[in-house]
Amino acid sequence: REERLAEIEGALRKKCKEMTYAENMLEINGAGANIPAGMLAEMGDVSRFDDVKEIQKLSGMGLASCSSGKRKGRTKISRRGRKRLRCWLFQAAKSAVSHADEFKQLNERCATRANNPLKKMQSLLVIACKMLRVIYAILKTGAMYDPQKMLKDIKRPEAVQAQTAA
């Protein structure tokens, strides 16, 4: 059984390297060959999307407000979309948080920010959306993954930026 699993993973890695810019996606720590392959299989050709929000909506990770009339409900993900793509994004986020330092920092920031700290699942969903944006940029432009550039995109209070610069 172990030999068969290794054989399948080897074939998957080989097929993944045949895809355009897939090697750039493999540069993300925690994203093995199966996560990009699964995401690309669910998304299809990325060139058919004009914006990353379209893929986010396709995955069911778009925000939806649950309110009617006088009652104002909470905002949560819509879950109207491809369940498997949402699952691959969530697995990618969990893996990235456990293996990549830049995603660990992002998770820590989301969970401990002063105003409106996020719960564990909310933080993972934010990271999954961030990972989707990074992967979309890699696939659309062919850019290499740069963890420092990913961290620069995050808006932080001035005090935190001064500490990181020192």
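The legends below describe close-up views of one predicted model.

In this predicted model, local features need pLDDT of at least 70 and side-chain atom pairs count only at pLDDT 80 or more, while totals for chains, interfaces and linings use all residues. Residues are numbered from 1 along each chain as its sequence is written, and side-chain values use heavy atoms, with hydrogens and water left out.

**Figure 1. The whole chain and its elements.** The chain contains nine helices and two strands; helices (H or I, at least four residues) and strands (E, at least two) are DSSP runs, numbered from the N terminus. Along the sequence these elements follow the pattern α-α-α-α-β-β-α-α-α-α-α. The C-alpha trace spans about 55 × 50 × 35 Å along its principal axes.

**Figure 2. Confidence along the chain.** The pLDDT is the predictor's confidence in each residue, from 0 to 100. Its mean over the chain is 83, and 92% of the residues reach 70 or more. Confidence is lowest in helix H9 (residues 158-165), with a mean of 52, and highest in H5, with 91.

**Figure 3. Helix H3 against helix H5.** Helix H3 (residues 34-43) packs on helix H5 (residues 83-99) at an angle of about 155 degrees, and the two axes are 9 Å apart. Axes are lines fitted to C-alpha atoms, for helices over the stretch in contact, and angles run from 0 to 180 degrees between N-to-C directions. H3 and H5 are therefore roughly antiparallel (over 145 degrees; under 35 counts as roughly parallel, 65 to 115 as roughly perpendicular and the rest as oblique). In this contact (heavy atoms within 4.5 Å), H3 contributes Asn34, Ile35, Gly38, Met39, Glu42 and Met43, and H5 contributes Arg84, Leu85, Trp88, Leu89, Gln91, Ala92 and Ser95. By class, seven of these residues are nonpolar, four polar and two charged. Ala, Val, Leu, Ile, Met, Phe, Trp, Tyr, Cys and Pro count as nonpolar, Asp, Glu, Lys and Arg as charged, and the others, Gly among them, as polar.

**Figure 4. Helix H5 against helix H7.** H5 and H7 pack at an angle of about 100 degrees, with 8 Å between their axes. H5 is therefore roughly perpendicular to H7. Leu89, Phe90, Ala92, Ala93, Lys94, Ala96 and Val97 of H5 meet Met121, Leu124, Ile127, Ala128, Met131 and Leu132 of H7. This contact has 12 nonpolar residues, no polar residues and one charged residue.

**Figure 5. Helix H7 and the residue after it.** At 1.5 Å a residue, the 22 residues of H7 (residues 120-141) should span 32 Å, and the end C-alpha atoms are 32 Å apart, which agrees. The expected span is 1.5 Å times one less than the number of residues. Gly142 follows H7 and has a positive phi, near 80 degrees.
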